[in-house]
Amino acid sequence: MTATAPAPISPTTTKRVLLAAPRGYCAGVDRAVVAVEKALETYGAPVYVRKEIVHNKHVVETLRDRGAIFVNETDEVPEGARLVFSAHGVSPAVRESAAARSLDTIDATCPLVTKVHKEAVRFAKDDYDILLIGHTGHEEVEGTAGEAPDHVQVVNSPDEVDQVQVRDPQKIVWISQTTLSVDETMETVRRLRDRFPELQDPPSDDICYATQNRQVAVKKLAPECDVVIVVGSANSSNSVRLVEVALQAGARTSYRVDRAAEIDPSWLDGATTVGVTSGASVPEILVQDVIDYLDGRGFADVQEVRTATEDLMFSLPRELARGLKAAGHEEKRPRRGARTALPVEPA
Ligand code: 0JX
Ligand code: SF4
């Protein structure tokens with residue numbers, strides 16, 4: 001990924017759309033969705049998936065139509081069947097229960113989530129108190145906390161900092177969920193450090209490049225916008241954060257939709273500039289539907305506001321790559337931009 005100098009946005013009186021870039025699929029989502037698609041192609045249906053492979057309704061429904069079966073826990077999967085772990089990661093306890101059922105697992109955990117798991121393991125080994133900034137109940141937080149349950153406590157927001165108790169204020173470190181608001185997380189860290197000046201930082205950013213890039217792009221266009229429409233599902237942390245970031249950056253209003261059909265026409269009343277972006281789990285075709293919808297309401301001028309370019313691509317999970325090779329299937333896949341989008345069902 002390289003940062004590019006953003007061009008200034010010129011004011012206008014004609015109806016226009018400012019389209020954020022980067023937006024949509026990140027490298028970890030692309031890898032996870034392709035992993036399920038390739039598993040279905042190679043082994044045939046059904047392929048079981050623990051939780052939603054990524055937090056996007058459209059992706060989940062499309063894969064379900066192709067033969068994926070989404071379950072909440074490993075005990076819902078028949079003994080010996082094939083199970084994919086979602087991009088958000090799993091705890092060691094989940095891996096153990098899958099092994100106990102002799103499940104043939106494919107681990108689609110994003111490598112950038114795995115990096116945070118490894119940090120938790122390492123700091124727990126050194127007997128640190130680990131403050132995991134993130135949202136209780138989110139799969140990623142459950143997975144990361146599960147690496148070191150005796151050492152991790154979750155801090156949901158800046159307001160929770162006052163309740164944090166540690167054994168030794170000289171030996172604490174913070175780590176985080178990958179899909180948080182950068183600004184809110186830094187506020188939580190600032191308050192933690194006020195209380196615990198010796199608080200250590202993680203070795204590198206835990207909020208991933210994709211989350212950061214999408215927030216920077218929406219911040220750039222938000223001050224110009226009467227409304228910012230964020231495409232993404234309600235349980236998608238990074239998508240929901242984009243609405244908050246847009247509002248904090250000066251958008252007059254901002255709404256999240258799963259698809260164009262959810263746009264309320266009254267949101268556009270009196271609007272001249274509409275911003276559009278999407279979360280890291282959102283196929284581009286859903287954004288294009290929103291652009292088409294806006295075009296139909298007079299917002300024909302679409303200007304891209306790009307703040308970075310991304311070219312990261314992760315290789316497929318090792319166990320799947322081995323399976324593809326054994327089956328004589330091609331492991332190579334097109335780059336994200338070139339990849340055929342998942343079909344969209346009619347509104
Ligand atoms: O709810 P999240 O933003 O963490 O997940 P989503 O929407 O599936 O995004 C991509 C997967 C992120 C994993 O870190
Ligand atoms: Fe990986 Fe970031 Fe995408 Fe999550 S949002 S899957 S951490 S690249």
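Me: UniProt annotations may be inferred rather than shown by experiment, and their positions are given in the numbering used here. With that said, where does UniProt place the feature "binding site"?

Reply: The model is predicted, to start with. One "binding site" feature, from an unreviewed UniProt entry, is at His55, His88, His138, Ser236, Ser237, Asn238 and Ser281. The lining of the largest cavity takes in His55, His88, His138, Ser236, Ser237, Asn238 and Ser281 from that set.

Me: Which residues does UniProt list for "binding site" where Thr178 comes in?

Reply: That listing, again from an unreviewed entry, has Thr178 along with His55, His88, His138, Ser236, Ser237, Asn238 and Ser281. Thr178 and the others of that set are taken in by the lining of the largest cavity.

Me: And the cysteines? Which ones does the "binding site" annotation cover?

Reply: Cys26, Cys110 and Cys208, according to the unreviewed UniProt entry. They are spread over 183 residues of sequence but cluster in space. Their largest C-alpha distance is 10.4 Å. Cys26, Cys110 and Cys208 also belong to the lining of the largest cavity.

Me: Where in the fold is cysteine 110?

Reply: In a loop. Cysteine 110 is found between β6 (104-107) and α4 (111-125).

Me: And histidine 88, from the other set: where is its place?

Reply: Also a loop. Histidine 88 is between β5 (82-85) and α3 (92-100).

Me: Serine 237: which helix?

Reply: Serine 237 is in α8, residues 237-248.

Me: On to the ligands. How many residues surround ligand 1, and which are the closest?

Reply: There are 14 residues around ligand 1. The closest are His55, Ser236, Ser237, Asn238 and Ser281.

Me: What lies 2.6 Å from an oxygen atom of ligand 1?

Reply: A backbone N or O atom of histidine 55. Serine 237 also reaches ligand 1 through its backbone: a polar atom there is 2.7 Å from a ligand oxygen. With serine 281 the side chain is involved, and one of its N or O atoms is 2.7 Å from an oxygen of ligand 1.

Me: How much of the accessible area of ligand 1 does the protein cover?

Reply: 96% of it. On its own, ligand 1 has 370 Å² of accessible area.

Me: Which cavity is the space taken by ligand 1?

Reply: The largest one.

Me: How do the residues of the shell around ligand 1 divide by class?

Reply: 10 are polar, three are nonpolar and one is charged.

Me: Now ligand 2. Where does it sit?

Reply: Ligand 2 sits in the largest cavity. The residues around ligand 2 include Cys26, Cys110 and Cys208.

Me: What else is around ligand 2?

Reply: Gly28, Leu112, Val113, Thr178, Thr179 and Tyr209 are among the residues around ligand 2. By class, the shell around ligand 2 has six nonpolar, three polar and no charged residues.

Me: Change of topic. Which side chains make a polar contact with that of glutamate 310?

Reply: Among them are asparagine 213 and arginine 214. The contact with the asparagine 213 side chain is 2.8 Å. The one with the arginine 214 side chain is 2.8 Å. Glutamate 310 itself is in the loop between β14 (308-309) and α10 (318-326).

Me: Backbone next. Is the bond from alanine 21 to proline 22 cis or trans?

Reply: Cis, with omega near 5 degrees. Proline 22 lies in the loop between β2 (16-21) and α1 (27-43).

Me: And the bond from alanine 45 to proline 46: cis or trans?

Reply: Cis as well, with omega near 0 degrees. Proline 46 lies in the loop between α1 and β3 (47-50).

Me: What about phi of lysine 51, positive or negative?

Reply: Positive, near 65 degrees, in a residue other than glycine. Lysine 51 is in the loop between β3 and α2 (57-65).

Terms used. Residues are numbered from 1 along each chain as its sequence is written. Chains are lettered from A and ligands numbered from 1 in the order in which they are written. This is a predicted model: local features need pLDDT of at least 70, side-chain atom pairs count only at pLDDT 80 or more; totals for chains, interfaces and linings use all residues. Side-chain values use heavy atoms; hydrogens and water are left out. A residue is near a molecule or strand if one of its heavy atoms lies within 4 Å of it. A polar contact is a pair of N or O atoms within 3.5 Å; within protein, one must be able to donate a hydrogen and the other to accept it, and residues adjacent in sequence count only if both atoms are side-chain atoms. Accessible areas come from the Shrake-Rupley method with a 1.4 Å probe; for residues, only the protein chains shown count as cover. On a 1 Å grid over the protein atoms alone, a cavity is a set of points where a 1.4 Å probe fits but cannot get out, and a pocket is an open set with protein on both sides within 12 Å along at least five of seven lines; lining residues have an atom within 4 Å of a point. A molecule sits in a cavity or pocket if more than half of its atoms lie within 2 Å of its grid points. Ala, Val, Leu, Ile, Met, Phe, Trp, Tyr, Cys and Pro count as nonpolar, Asp, Glu, Lys and Arg as charged, and the others, Gly among them, as polar. Helices (H or I, at least four residues) and strands (E, at least two) are DSSP runs, numbered from the N terminus.
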